Amino acid sequence: MGMKTYADFHRHSLDDRDAFWAEQAKRIDWQTPPQQVCDTSRPPFARWFVGGTTNLCHNAVDRHAAARPDDAALIWVSTEVGREIVYSFAQLHDEVQTMAAMLQAQGVGEGDRVLIYMPMIPEAAFAMLACARIGAIHSVVFGGFASVSLASRIDDAAPKLIVSADAGSRGGKVVPYKPLLDEAITLAAHKPERVLMVDRGLAAFTPVAGRDLDYAALRAQHAGAQVPVVWLESNRISYTLYTSGTTGKPKGVQRDVGGYAVALATSMDYIFGGKAGETYFSTSDIGWVVGHSYIVYGPLIAGMATLMYEGLPINPDAAIWWSLVEKYKVTVMFSAPTAVRVLKKHDPALLKRHDLSSLRALFLAGEPLDEPTGRWIAEGLSVPIIDNYWQTETGWPLLTVAHHIPGVAPVPTRFGSPGVPMYGYDVQLLDEQTGEPLTEANQKGVLTIAHPLPPGCLQTVWGDDERFVRTYWSSVPGKQVYSTFDWGLRDEDGYTFILGRTDDVINVAGHRLGTREIEECISSHGAIAEVAVVGVADQLKGQVALAFVVLRDPAQSSPALEAEVLKHVDCQLGAVARPARVHFVSVLPKTRSGKLLRRALQAVAEGRDPGDLTTLDDPGALAQVRELLGR
Ligand code: ATP
Ligand code: MG
């Protein structure tokens with residue numbers, strides 16, 4: 001029997017949508033089976049597995065604890081505090097029930113919000129799973145957000161209880177959380193009734209009487225607690241989570257229970273090829289969607305051990321990740337291009353120091369994977385590098401290559417492209433002007449998804465259905481399409497290339513250029529580690545490009561190098577794409593999740609107010625640009 005093509009498989013997932021997903025739904029345990037696979041009666045909303053009852057925590061923990069209690073479930077490694085702990089499924093089951101009992105004792109129940117503001121410690125995962133267990137809605141806020149950003153998220157989620165810790169640690173430096181949290185609660189209009197504090201003994205603090213609770217004391221009190229899972233209708237809310245805020249004010253993404261569990265279970269198999277008993281290592285943070293889908297829920301639902309790492313990728317040296325791959329026999333790894341660019345500043349020999357024979361693939365997502373970075377890591381590690389494109393909103397990859405579908409020929413990877421539309425996603429490239437689907441290859445269009453979004457995607461914007469419809473579904477009048485706000489292009493073979501965000505286009509004397517294209521070109525120059533290109537207003541040309549460049553060796557910065565980079569762009573893209581200036585900086589402004597904040601660079605360069613900077617990682621990066629440009 002011959003292999004089906006992936007294109008046929010994808011077609012089947014759309015044409016026989018309900019049959020396809022009904023089959024996938026068997027991957028998880030249901031207390032009551034779903035009565036309807038997909039309810040599309042109220043577009044653009046979609047409801048998956050209507051009437052079915054299930055539970056994320058049961059599927060991630062209980063069912064494995066019953067079958068393989070002693071297998072590793074959560075491996076925690078902190079190079080910050082020098083500790084490693086391996087929790088088996090049975091131990092994880094105990095810890096989660098204990099935490100669930102604590103939450104219930106504080107009156108937290110179904111539908112109540114719990115805000116989690118935590119460093120990368122096991123208790124953060126316990127808290128998420130404990131919420132899932134009892135039907136409380138978690139809202140994880142990246143630990144390290146300052147008090148103003150945290151306050152606005154407290155007001156949005158209106159949590160009954162907040163779980164937090166005394167401090168995180170970054171590069172050996174203690175980062176106290178508690179003062180930020182106290183200030184945020186003071187600033188917020190909504191006051192949580194309780195704050196559950198994990199005291200790591202890193203930063204002394206004074207508990208607020210009557211509000212703050214001590215985790216260790218309550219853990220002792222509730223040790224051995226048995227808390228049955230609460231079976232939830234598939235469309236109940238599992239969690240809310242904010243987008244990175246790269247293009248403006250973050251959006252509160254709301255997700256369901258059953259659709260998410262099914263989507264993750266399917267992706268763990270078809271896309272990641274992860275198997276029960278193996279180890280998955282995602283270098284992300286629980287504060288981001290990758291941390292939700294592929295540190296906590298996805299690997300555990302698949303019965304894998306998940307490796308949770310607290311620390312920098314370069315501490316004690318830039319081989320730390322690879323030493324963990326060797327030690328814990330990691331089979332599937334997930335990281336981001338931004339992290340690889342950090343490693344790229346270090347000796348490539350470090351990529352070869354450890355035995356990586358267990359590792360089958362490294363998945364990268366979050367930002368465009370430029371070719372030099374992709375090749376550097378692929379050659380250095382000698383494992384397949386798999387780019388995958390998705391969003392906080394989608395919850396799981398939208399474009400990539402699925403290599404593990406039985407009976408289906410794998411789609412080869414192609415440098416520069418994350419791949420092809422994943423099963424379940426009816427991806428359409430639309431002409432920006434007419435809203436009509438692009439029929440020819442190599443035309444640039446807006447990447448959209450036709451209604452209904454597949455399982456696992458956002459249900460709505462938390463508390464704001466109107467914003468959901470207006471933000472995502474209104475870009476093509478008269479059509480039910482979800483806009484990703486990214487530009488795409490499809491080549492002759494059906495590979496999609498991401499050309500940047502729809503608001504990252506510049507117009508130089510009538511020529512429309514994606515800043516991404518210019519960045520790609522500049523980054524192919526050997527001296528350059530990182531680059532950001534933005535368009536700034538220009539009286540003569542409408543807009544001109546400005547490039548901000550981080551060199552691999554800062555000592556190389558010189559007018560001669562600037563001229564060389566400009567000439568490089570001339571040769572590769574043409575004079576029209578040539579930036580007006582190349583500025584050398586030591587660091588680029590990024591979101592906390594490591595994405596380039598082009599809008600802030602652009603605003604500063606144009607002397608405007610940079611807007612919402614609550615997600616900016618290092619304020620020094622913008623200060624440097626201001627100084628450079630005399631703003
Ligand atoms: P906001 O929506 O608040 O502006 P954000 O879009 O950066 O922030 P995320 O959901 O974290 O928030 O990021 C999703 C976006 O990241 C995608 O829309 C896309 O622009 C970019 N992206 C993710 N993965 C890839 C990839 N593999 N290649 C290119 N771009 C990617
Ligand atoms: Mg976005």
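**Salt bridges, ligand and backbone**

Analyst: Happy to! Aspartate 617 forms a salt bridge with arginine 592, and their closest N and O atoms are 3.8 Å apart. A salt bridge here is a side-chain nitrogen of Lys or Arg within 4 Å of a carboxyl oxygen of Asp or Glu. Aspartate 617 lies in the loop between α17 and α18 (619-629) and arginine 592 in the loop between β32 and α17, so the pair ties together parts that are 25 residues apart in sequence.

User: Where do these numbers come from?

Analyst: This is a predicted model, where local features need pLDDT of at least 70 and side-chain atom pairs count only at pLDDT 80 or more, while totals for chains, interfaces and linings use all residues. Residues are numbered from 1 along each chain as its sequence is written, chains are lettered from A and ligands numbered from 1 in the order in which they are written, and side-chain values use heavy atoms, leaving out hydrogens and water.

User: And what do α and β labels stand for?

Analyst: Helices (H or I, at least four residues) and strands (E, at least two) are DSSP runs, numbered from the N terminus.

User: How many salt bridges are there by this rule?

Analyst: The count comes to 32 salt bridges. One of them joins the side chains of arginine 133 and aspartate 62, at 2.7 Å from N to O. Arginine 133 lies in helix α5 (residues 122-134) and aspartate 62 in helix α3 (residues 56-67), so the pair ties together parts that are 71 residues apart in sequence.

User: Are arginine 133 and aspartate 62 buried or exposed?

Analyst: Both arginine 133 and aspartate 62 are buried. Buried means under 20% relative accessible area, exposed means over 50%, and partly exposed is in between (1.4 Å probe, protein chains only).

User: New topic: which residues are closest to ligand 1?

Analyst: The closest are Gly245, Thr246, Thr247, Thr392 and Asp486, and 20 residues surround ligand 1. A residue counts as near when one of its heavy atoms lies within 4 Å.

User: What touches the nitrogen atoms of the ligand?

Analyst: A polar side-chain atom of aspartate 387 lies 2.8 Å from a nitrogen atom of ligand 1. A backbone N or O atom of glycine 366 lies 3.0 Å from a nitrogen atom of ligand 1. Glutamate 367 has a polar backbone atom 3.4 Å from a nitrogen atom of ligand 1. The protein covers 94% of the 630 Å² of accessible area that ligand 1 has on its own. Those areas come from the Shrake-Rupley method with a 1.4 Å probe; for residues, only the protein chains shown count as cover.

User: What is phi of phenylalanine 49 near?

Analyst: Its phi is near 55°, a positive value in a residue other than glycine. Phenylalanine 49 lies in strand β2 and is buried, with a relative accessible area of 1%.

Technical notes:
Polar contact = N/O pair within 3.5 Å; in protein donor to acceptor, adjacent residues only side chain to side chain.
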